[in-house]
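The stops below go from the whole chain to the contact between its parts, and then to a local detail.

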Amino acid sequence: MSSETIYVELTDWIKRVHALGTVGELLGWDEQVNLPPGAAEQRAGQQAALAGAQHAAASDPRLGEWLTALEKNVAALSDDQRAVVKNARRDYDRATKLPAEFVRDKAVQSSRGYHAWAKARAADDFAGYAPVLAQNLDFAKREAVYLGWQGREYDYMIDQFDPGMTAAVIGRLFAELKGELVPLVRQIAASPVKPQAGALKGFPVEGQLAFLREVTERIGFDYARGRIDVSLHPFCTGTGSDVRMTTRFSVDEPLRSLFGAIHETGHGMYEQGLPASQLGTALGINAGMAVHESQSRLWENQVGRSRGFWRFFEPRFRALFPTQTAAISSDELYLAINTVAPTLIRVESDEVTYNLHIILRFELEKKLFTGELAVKDLPAAWRAAAQELLGLTPPNDREGVLQDVHWSGGAFGYFPSYCLGNMLAAQLWYRALALRPALEEEFARGDFTWLLGWLRENIHTQGRRFDALTLARRVTGEELSPRHLVRYLRERYGPLYGGKLEG
Ligand code: ZN
């Protein structure tokens with residue numbers, strides 16, 4: 001068979017494996033949005049059956065043969081084809097190099113970990129959870145070794161979410177960011193300007209839904225190829241022409257639902273912008289979590305918290321909620337939209353402090369993998385880091401080391417992508433502004449088409465051809481750097497909280 005024929009066989013197969021995966025995502029979405037409470041066990045059986053079929057397809061020996069044949073004659077492949085083969089090899093190795101018994105044990109461990117965490121968090125009992133967390137860590141390290149990452153186990157964990165990223169690169173970027181951010185957060189916290197907490201009250205859910213639907217549609221989410229529903233924890237799943245977002249509503253926190261929805265819209269527009277004919281291959285899947293997060297954060301923060309955006313949407317907001325907004329001035333509303341207040345809880349934190357929460361987790365994770373930090377010493381290390389970075393000490397472990405679900409299921413190496421995404425979002429923003437200086441004036445007219453078009457062309461349609469660092473370099477002309485994020489935070493929050501916020 002010619003390389004071209006083999007390549008077609010390979011990509012057809014990969015697309016089928018991917019299609020099975022998207023069915024699983026749809027079942028997962030349904031579980032969180034629609035599933036009757038009595039159907040959980042039946043759904044678990046469906047998911048397990050599907051996962052088995054998907055794994056069988058992903059580890060089919062023919063895939064291995066096609067890959068080997070194509071890799072023998074790389075010169076016959078185009079750059080795009082090479083990217084597809086490289087990513088397919090990565091997936092195939094992950095599907096075939098782990099012993100079946102290990103995969104089974106790990107799935108059991110992951111479920112046990114989640115329940116142990118939930119119980120420990122409710123009871124504020126880290127000691128009861130520590131042995132399970134230590135086992136999770138052990139599973140993660142063993143998996144890395146099976147896949148040939150011995151001595152670089154934490155890099156393996158990071159690479160799963162952000163292909164090509166390493167702890168060394170992240171460590172350098174985060175150290176630079178930390179040096180600038182810690183004093184910036186202190187300055188804002190010391191400012192006499194304080195947003196009025198709880199000034200926005202009594203916003204009916206129907207009105208909130210109408211407003212966020214208008215906002216998300218206007219910025220570019222295609223409702224012919226996606227939808228939004230309500231779930232306990234907001235998320236975005238699906239790809240191509242079937243993207244499912246969720247949000248949740250609270251009558252006294254309209255901004256939280258709105259910004260959550262704008263965030264998920266950023267994720268959703270990225271998935272909608274992937275090349276439809278290539279879904280599943282490296283040309284039609286996202287470039288990793290950091291790039292994904294750059295898309296959600298760019299729309300949520302650089303766009304959604306800008307003056308231009310609110311010049312257009314504030315009259316709409318007031319028209320929908322005349323009594324609720326009557327006593328709030330435009331400046332007060334804008335300050336509420338851009339509230340900065342250090343908190344111990346990551347998911348409640350503002351966009352400035354958020355990054356410090358991530359740096360804290362990265363530093364601890366890295367030490368867990370090198371062995372510098374033992375699991376039993378985590379709570380104390382967490383408290384010390386929270387004091388250093390946030391200027392706050394958790395009074396208990398529920399508001400400290402037990403607050404996040406990620407490690408309970410073995411998801412180490414995931415946190416850094418949130419902060420890398422923030423850096424990339426700011427870097428993309430300034431590049432976009434350099435190319436299109438009147439961008440915010442366009443927002444003020446309700447026109448977001450140029451920005452989405454630019455992202456479509458430079459990020460979305462690129463799929464996974466490039467890793468996050470290469471993509472940053474290609475699109476912005478320079479290496480990924482935290483200085484754009486620092487500049488953005490100073491420019492956005494300086495005028496609001498007084499002074500220029502020099503670091
Ligand atoms: Zn996100």
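Domain bounds here come from an automatic or database domain assignment. This is a predicted model, in which local features need pLDDT of at least 70 and side-chain atom pairs count only at pLDDT 80 or more, while totals for chains, interfaces and linings use all residues. Residues are numbered from 1 along each chain as its sequence is written, and side-chain values use heavy atoms, with hydrogens and water left out.

Select residues 3–151 as domain 1 and 167–493 as domain 2. Their C-alpha centres lie 27 Å apart. Next, select the contact (heavy atoms within 4.5 Å): domain 1 gives 33 residues and domain 2 gives 41 residues.

The two domains bury about 3100 Å² between them, 65% of it on carbon and sulfur atoms; buried area is the accessible area (1.4 Å probe) lost on putting two parts together, summed over both. Show Trp29, Phe126 and Leu137: they supply 20% of the area that domain 1 buries against domain 2, more than any other three residues.

Which residue forms a salt bridge with aspartate 80? Select arginine 465; the closest N and O atoms of the pair are 2.6 Å apart. A salt bridge is a side-chain nitrogen of Lys or Arg within 4 Å of a carboxyl oxygen of Asp or Glu, and the count between the domains is one.

Now color the helices (DSSP runs of H or I, at least four residues; strands are E runs of at least two, and both are numbered from the N terminus). On the side of domain 1 that touches domain 2, H1 (3–33), H4 (79–96), H5 (100–123) and H6 (126–146) each supply at least two residues. The largest share, ten residues, comes from H1.

Last, go to strands S2 (residues 236–239) and S3 (residues 242–247), which pair in the antiparallel sense over four bridges; pairing requires at least two DSSP bridges. Glycine 238 stands opposite valine 243 in S3. The strands form a hairpin with two residues between them, and glycine 240 in the turn has a positive phi of about 60°.
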